[in-house]
Amino acid sequence: MIKINRSGLFVTLDKSQQAKMVYKNLLNGEIFTLFYNSLPKDDRSSPTLSQRPDNVLTLKKNDAATEYKYIFDAKYRINPAYEGKPYFERYRMPGPEEDDINTMHRYRDAIVYSEGQGKEYERSMFGAYVLFPYHDEERFQQHKFYKSVELINIGAFPFLPNSTSLMEKFLDEIIMDSPEKAYERTTRPRGTKEYYGNKLSGKNVLVGALSKRPQLEAALEHGFYHTPLRNITNHKVLTRLEYVALYQSIRLFGADEAGISWYGRVKDWKVVPRSAITAIPSSRGATDELYVVFEVFEWVKRERAIVPAGHGIYRILYTTDYMLNRAKEVSELRLETEEELRDWREKRRAGKVKVTLDREHLDLGSAVLGIGVTSSD
């Protein structure tokens, strides 16, 4: 690692796969890794030509399977921007060479990820930035290659021993980004918003309140959930439901057992008279009232229940499996818009989130009044 020649003493950095440093964010336990002159082992430089950027920062965020990767490439040259220009252009701002910015575009597009032989390739770098020798950080904030970082996540940062504040600010931002914010920083293909909007707009989970304690025992034993058909005002929703979850109220189960602990994937559903449901007798006696019976493959118990925290479900509530897997309090299941979800995820990273609704019961309310941070977990 250390070599001596006639010119003096030199430190030669290892360029092998092990040239990396691993860090832990003490605020949330997330891991981030800095690779020097090497790529994470899962990345393939390119099916065409080899690519080897100077530094790759990999962020592993909670509640996300994707690793978010960013390229920081040191270029020891500067474009003074006024050499050979007419007099009125001589005060244009210095910046990186345009060829170096073009290299960042190439890096981001050329370095790809594939799970294995025959799998399709995915672009794995979310951003690429030139680090160049310039001292006036305040002035550089007006440069197009600094503004382009926010627009398309490709650009440049001044980087000298006493000029690192813009770089530090940006590192703080991407380390504390939620997975959604990190994804939204990158430039997506045209039509992505419409594509995913159609994919995620449908609510595929029914959360049903239990009317009495024995209903939980019968549901778990026989693998089903039933609710009066009148509770489902839009019958088309039945065709897109994929999961059913059970809500246990504080009134019936007490504070220790209340919340959502059990869910299952829908195997089949049917509409039958209440008298046909023999696994649990009707408290009103056999009746001809129509009920929907959901049969599940198996009930799965969550590691941690979604707790009421001041809110509940009166009859049924529709949500998505995305929210069911991530919510900690039942009120979070009412978050629906892209703006609400983004606000919620960003604030959750700063501490415990409290969602306030206009009614105690989620399915009887009509509006989310606020999303705030109460305290850290």
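Rings of Phe, Tyr and Trp pair if their centres lie within 6.5 Å. By this rule, the count in this predicted model comes to 11 aromatic pairs.

**View A. Tyr23 and Phe32 form a stacked pair.** The ring centres of Tyr23 and Phe32 are 5.6 Å apart. Their planes meet at 15 degrees, so the pair counts as stacked; the cut-off for stacking is under 30 degrees. Tyr23 is partly exposed, at 37% relative accessibility. Phe32 is buried, at 16%.

**View B. Tyr134 and Phe140 form an edge-to-face pair.** Centre to centre, Tyr134 and Phe140 are 6.3 Å apart. The angle between their planes is 65 degrees, and edge-to-face requires over 60. Tyr134 is buried, with a relative accessible area of 6%. Phe140 is buried too, at 0% relative accessibility.

**View C. Ring pairs build an aromatic cluster.** Tyr134 and Phe140 belong to this cluster.

**View D. Arg274 places its charge over a ring.** The ring belongs to Tyr291. The charged end of Arg274 sits 5.5 Å from the ring centre.

**View E. Lys75 is a buried loop residue.** Lys75 lies in the loop between β7 (67-74) and α1 (98-110). Its relative accessibility is 18%, and buried means under 20%. The Lys75 side chain makes a polar contact with the side chain of Asp73, at 3.0 Å. Leaving out residues up to four places away in sequence, Lys75 touches Asp100, Met104, Val130, Leu131, Phe132 and Pro133.

Note on methods:
Residues numbered from 1 in each chain as written. Predicted model: local features only at pLDDT ≥ 70, side-chain atom pairs only at ≥ 80, totals over all residues. Heavy atoms only, no water. Phe/Tyr/Trp six-rings, centres within 6.5 Å; stacked < 30°, edge-to-face > 60°. Buried < 20%, exposed > 50% of the residue type's maximum accessible area, 1.4 Å probe, protein only. Lys NZ or Arg CZ within 6 Å of the ring centre and 35° of its normal. Helix = DSSP H or I, 4+ residues; strand = E, 2+ residues; numbered from the N terminus. Polar contact = N/O pair within 3.5 Å; in protein donor to acceptor, adjacent residues only side chain to side chain. Contact = heavy atoms within 4.5 Å.
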